Amino acid sequence: MTSRAAHRVGSAALVLAALVVGQAVRSALPSEDAVSAPFERVGDVGEPVSLRYATVTVGAADGSTVVEQLGTAMSTTGVWLSVPVTITAHGEPRTLTHAEVRDDQGRTFLARGTRSSFLPGTVQAGMTRRAWVTVELPVDAAAGAELVLGLRDDHRLDDVAVVDLGVTDADARRWAATTEPLTVPQPEDVGAGEAR
Amino acid sequence: MLPGRADDGASTSRSPYTLAVPTPSDETGPAVVDAAVRRRADALRGGRAEARAGRRRIAVARSAVARRLLDRPLRDLGAGATVVLLASTAAFGGLRDAGTTVDALAPGTALVAAPLEVTVDKVLWVDELPGAYPSEDGNRWIAVLTTFRSTHDATLLGPELRPTLSLEGVPGLVGRPDPATGLVGSTERLVLTDGSRLTPVQPGLEHDAVFLFEQDGDVAPPTEVTLVAVGQTFRSSSLQDLDEWTDPAVVARGTLPVREAVDSTEGR
């Protein structure tokens, strides 16, 4: 092999090696998801959680196998969770659209659509509104579940509230045996909150 | 000594800064300069000639390489390049697996059409169904009764379910065929127990549900249909920074009889 041919083979090998090393480095570095993760503000039931855009307070959950909303009754083979949430908007009108339940198995249950919902509407700046998160879950997802609230589905690099709902296995079994309809109220303003 | 100035240093009519062109008739400095210039020019010409010769040699060498390569069958070059390319993919995770075989779809047999595990019960047609609204009066519904469960670990909002059970070759379907498969997906999905729209579909919950396909009322109702189960893959989008269910592929196919529903609450 002439020196020129050897030079070319060596160059090609170095280019390939650089690509492999680059891929290895990229795999070893923190993922883009980790870098752009949301800021989780953790709280308990009944405790105000201060977010960039609002203060939210999550109330005690209730459950049943039948839920009634807007005059329509729906049944489930799992359980319905209904959770009251109080929202005080900061600085400007806010419409929180993201509510999901996370269970201890890593599954997520989004409140969006007909059978699971979260529709608080727009909360005016400085005002406080109460709305309900309604989520359909399998029975084994209820105990240990957390409620995550955010301004929008894409909450990278933004505040989200994470609240342990305090649901026990006994609660879940009791709700799974309940056929009494759980009536979900409509959102309502409950007064002026603290200005921020 | 500068050209244009007399040897005795006396000034001439020409500016002391004028550079006269040396001529062969000059007996002193210009002649020496002329010879030097000629030698320099000769050297340059020689160098240029050598450079041209060098470039010709390089061109010949390159064309020889080209001729050598092109003398070989193109398929050899293509095969070689392909081997190099495939070998290099090993450093980056390799290539994705090809599709799977198509199973027979039969009533009562559970099958996996990701993101669902589904069991088909029967197929009916009905003119009216509470909670379902056709796009035109007079259209009917072809209803596929099923039991299914989501195998995904996050909520499914509905569009992912549309292709899961599809019809093939049924005339008069209102839904548009999927560009990838040519099959017509379901128009709507309802929960059988309460008639609510089945959205969202949460992980781990089993549903008795009906997949509805709208058919033109001017077309005769079918006596049998070819029902196709389509599975999808959950992966990162090639174009956007998000994960989605995509790459539809047929996983099962079967021909099922169709009969008219006795009434709008026909079920199990």
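Predicted model: local features only at pLDDT ≥ 70, side-chain atom pairs only at ≥ 80, totals over all residues.
Student: How many bridges join strand 9 of chain A to strand 10 of chain A?

Tutor: Strand 10 of chain A covers residues 159-164, and strand 9 and strand 10 of chain A run antiparallel. Within this pairing, A:Glu146 stands opposite A:Asp164 of strand 10. The number of bridges between strand 9 and strand 10 of chain A is four.

Student: Which residue of strand 9 of chain A is the bridge partner of A:Ala99?

Tutor: Strand 9 of chain A also pairs with strand 6 of chain A, residues 98-102, in the antiparallel sense and over five bridges. For A:Ala99, the bridge partner in strand 9 of chain A is A:Leu149.

Student: How many of the five residues of strand 9 of chain A are buried?

Tutor: A residue counts as buried when its relative accessible area is under 20%. Strand 9 of chain A, residues 146-150, is largely enclosed by the rest of the structure, because the number of its five residues that are buried is four.

Student: Which residues are linked with A:Glu146 in a network of salt bridges?

Tutor: A:Glu146, which stands opposite A:Asp164 in strand 10 of chain A, also takes part in a network of salt bridges. The residues linked with A:Glu146 in that network are A:Glu40 and A:Arg102.

Student: How many residues apart are A:Arg41 and A:Asp159?

Tutor: The side chains of A:Arg41 and A:Asp159 meet in a salt bridge, with 3.0 Å from N to O. This pair links distant parts of the chain, since A:Arg41 belongs to strand 1 of chain A, residues 39-44, while A:Asp159 belongs to strand 10 of chain A, and their separation is 118 residues.

Student: What is the relative accessible area of A:Arg94?

Tutor: The side chain of A:Arg94 meets that of A:Glu92 in a salt bridge, at 3.6 Å from N to O. A:Glu92 is partly exposed, with a relative accessible area of 43%. A:Arg94, by contrast, is buried, and its relative accessible area is 11%.

Student: How many salt bridges does the rule find across the interface of chain B and chain A?

Tutor: The structure holds 18 salt bridges over all chains. Across the interface of chain B and chain A, the number of salt bridges found by the rule is one.

Student: What is the area buried between chain B and chain A?

Tutor: The interface brings 22 residues of chain B into contact with 26 residues of chain A, and eleven residue pairs across it are in polar contact. The side of chain B that touches chain A divides into nine nonpolar, eight polar and five charged residues. Carbon and sulfur atoms give 55% of the area buried between the two chains, and that area is about 1700 Å².

Student: Where does B:Pro200 lie?

Tutor: B:Pro200 is joined to B:Thr199 by a cis peptide bond, with omega about 0 degrees. A cis bond also runs from B:Ala114 to B:Pro115, with omega near 15 degrees, and B:Pro115 has its place in the loop between strand 2 (110-113) and strand 3 (116-126) of chain B. As for B:Pro200, its place is the loop between strand 7 (188-191) and strand 8 (206-215) of chain B.

Student: Is A:Leu70 buried or exposed?

Tutor: A:Leu70 has a positive phi of about 55 degrees although it is not a glycine, and A:Leu70 lies in the loop between strand 4 (62-69) and strand 5 (72-89) of chain A. A residue counts as exposed when its relative accessible area is over 50%. At 69% relative accessibility, A:Leu70 is therefore exposed.

Conventions:
Residues numbered from 1 in each chain as written. Chains lettered and ligands numbered in written order. Heavy atoms only, no water. Contact = heavy atoms within 4.5 Å. Buried area = accessible area lost by both parts, 1.4 Å probe. Salt bridge = Lys/Arg side-chain N within 4 Å of Asp/Glu carboxyl O. Polar contact = N/O pair within 3.5 Å; in protein donor to acceptor, adjacent residues only side chain to side chain. Nonpolar A, V, L, I, M, F, W, Y, C, P; charged D, E, K, R; others polar. Buried < 20%, exposed > 50% of the residue type's maximum accessible area, 1.4 Å probe, protein only. Helix = DSSP H or I, 4+ residues; strand = E, 2+ residues; numbered from the N terminus. Pairing = 2+ DSSP bridges.
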